[in-house]
Each structure stands twice: as C-alpha cells, then as structure tokens.
Amino acid sequence: MYLLHWPREKGDSQWRSHLCQTWKAVSELYKAGKIKAIGVSNFLPHHMKVLEENFEILPMVNQLELHIGYMQNYAVDYCRERNIHIQAWSPLGRGRIKENPFIVKMAEKYMVTPEKLMLRFLNQQDISIIPKSNNEERMKANLDIYDFTIDEFDMSLLLSLPQLGFSEEHPDL
Ligand SMILES: NC(=O)c1ccc[n+]([C@@H]2O[C@H](COP(=O)([O-])OP(=O)(O)OC[C@H]3O[C@@H](n4cnc5c(N)ncnc54)[C@H](OP(=O)(O)O)[C@@H]3O)[C@@H](O)[C@H]2O)c1
C-alpha cells in the first residue's frame, strides 16, 4: 500500500494542482500494477473532493488520527459513504489519553489495560490500527485484543466523550 502523507503543504496556494499532479503519478503506478493499493492520509472531505472531481481512481484507504476522544466523524463518514477504508494513526493517542479517569475506569470494568480498550474500540468499528511500540511485550499485547467485546452501551459512551488528546497536527492549520 502506498499513501500520500498530507494533502497539502502549509501555505501552498497551488495545493490543488500539486495534489492532482501527485495523484496522477500514483494512479499511473497503480494502473501499471506496480502498487497493489493506493491511498491517502490526513485527507478531509474538501481534500478528497479535489481527487473526486479530477480522477476516476480514488483512494482506497484514508489514514487519519483516530482514537478515543478524537474520532473525526465528518471525515470518517465521508470516506465510508465512498467505500474508502479507514486506518487509525496514533490509535493510543501516543500516550496522551491513557490516564484519563473515564478510560481507566472503563478498562478496569473489562479487566484490560487502557491501551487494549483503546485498540478494541477502533477495531469494533472496522477501523484498522497501527499502534507503534519499541517493546516486544507491548507489540505482542497490541495484537492480543480480541478476547473481549466492548458492549453497545459502553461504545456509545466512549464515542460521546468530549475531545481528548488531539495531536494538534491538522492538514490545513
Ligand atoms: N499518517 C500520519 O500523519 C501519521 C502521524 C503520526 C503517526 N503515524 C503513524 O502511526 C503509528 C502509531 O502512531 P504513534 O506512534 O503516533 O502513536 P501510538 O501508537 O498511539 O502510541 C505510541 C506510544 O504508545 C506506547 N505504547 C504502545 N503500545 C503500548 C501498550 N500496549 N501499552 C502501553 N504503551 C504502549 C509506545 O511506547 P513504547 O514504544 O515504549 O511501547 C509509544 O510511546 C506509527 O507507525 C506512525 O508512523 C502516522
């Protein structure tokens, strides 16, 4: 899979044209069979529309910052309506949300670590996850998330939390 990391360079008034040039090159590599899947990262609906208006081949994946407390529903819903798969970067909020009392309490209820709760929360929404760890035990733990299920009521609670742990990395700001 090959992803465009950001939709635009900050301050670039010609970003639409630059984006089209880049997507044209990537689409050609895909059509030539050199890349199996092409996608984007940090694309919001107004970035995606530039591609929709100019290309037949659209991204297959959009990799977004997604974790408990930062679910970017507008962008996620937009992609889902177009069958664009969603992948979460910083699914653990890079450590910023693990001490949140609400998350800690919910993790205790399910007898799991806060990190396991955070990963299962995304997985139950059919979002792929790419947690990063430099520690072998934590890498293994991050694969072992399927032996419990967060119930519908608790999913709704987690989905309705106010904003938490935003990285402050935004493609337009
Ligand atoms: N597309 C983009 O714009 C974008 C932006 C940022 C990041 N990413 C990608 O997203 C991936 C992950 O994101 P991220 O590194 O920002 O954040 P993350 O995966 O949410 O958090 C990583 C942090 O969590 C710790 N950790 C991992 N597993 C743990 C566990 N089971 N228990 C306790 N702590 C745990 C790690 O420490 P230890 O290493 O000590 O375990 C590390 O400090 C990376 O591959 C990165 O390249 C993409």
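Mentor: Helices (H or I, at least four residues) and strands (E, at least two) are DSSP runs, numbered from the N terminus. On that basis the elements of the protein run β-α-β-α-β-α-β-α-α-β-α-α from the N terminus on, with 7 helices and 5 strands. The model is predicted, so local features need pLDDT of at least 70 and side-chain atom pairs count only at pLDDT 80 or more, while totals for chains, interfaces and linings use all residues. Residues are numbered from 1 along each chain as its sequence is written, and side-chain values use heavy atoms, leaving out hydrogens and water.

Now the ligand. It is surrounded by 18 residues (a heavy atom within 4 Å), and the closest are Ser90, Arg94, Ser133, Asn134 and Arg138. The side chain of Gln63 has an N or O atom 2.8 Å from a ligand nitrogen. Asn142 likewise places a polar side-chain atom 2.8 Å from a nitrogen of the ligand. Taken alone the ligand exposes 910 Å² (Shrake-Rupley method, 1.4 Å probe), and the protein buries 75% of that.

As for the rest, the C-alpha trace spans about 50 × 30 × 30 Å along its principal axes. The axes (lines fitted to C-alpha atoms over the stretch in contact, with angles from 0 to 180 degrees between N-to-C directions) of H4, residues 101–110, and H5, residues 114–123, come within 8 Å and cross at roughly 90 degrees. H4 is therefore roughly perpendicular to H5 (65 to 115 degrees). Ile103, Met106, Ala107 and Tyr110 of H4 contact Pro114, Leu117 and Met118 of H5 (heavy atoms within 4.5 Å). By class, this contact has 7 nonpolar, no polar and no charged residues.

The axes of H2 (residues 45–54) and H3 (residues 73–81) come within 10 Å and cross at roughly 25 degrees, so H2 is roughly parallel to H3 (under 35 degrees). Here Pro45, Met48, Lys49 and Glu52 of H2 meet Tyr74, Ala75, Tyr78 and Cys79 of H3.

Definitions and conventions. Parallel < 35°, antiparallel > 145°, perpendicular 65-115°, else oblique. Polar contact = N/O pair within 3.5 Å; in protein donor to acceptor, adjacent residues only side chain to side chain. Nonpolar A, V, L, I, M, F, W, Y, C, P; charged D, E, K, R; others polar.
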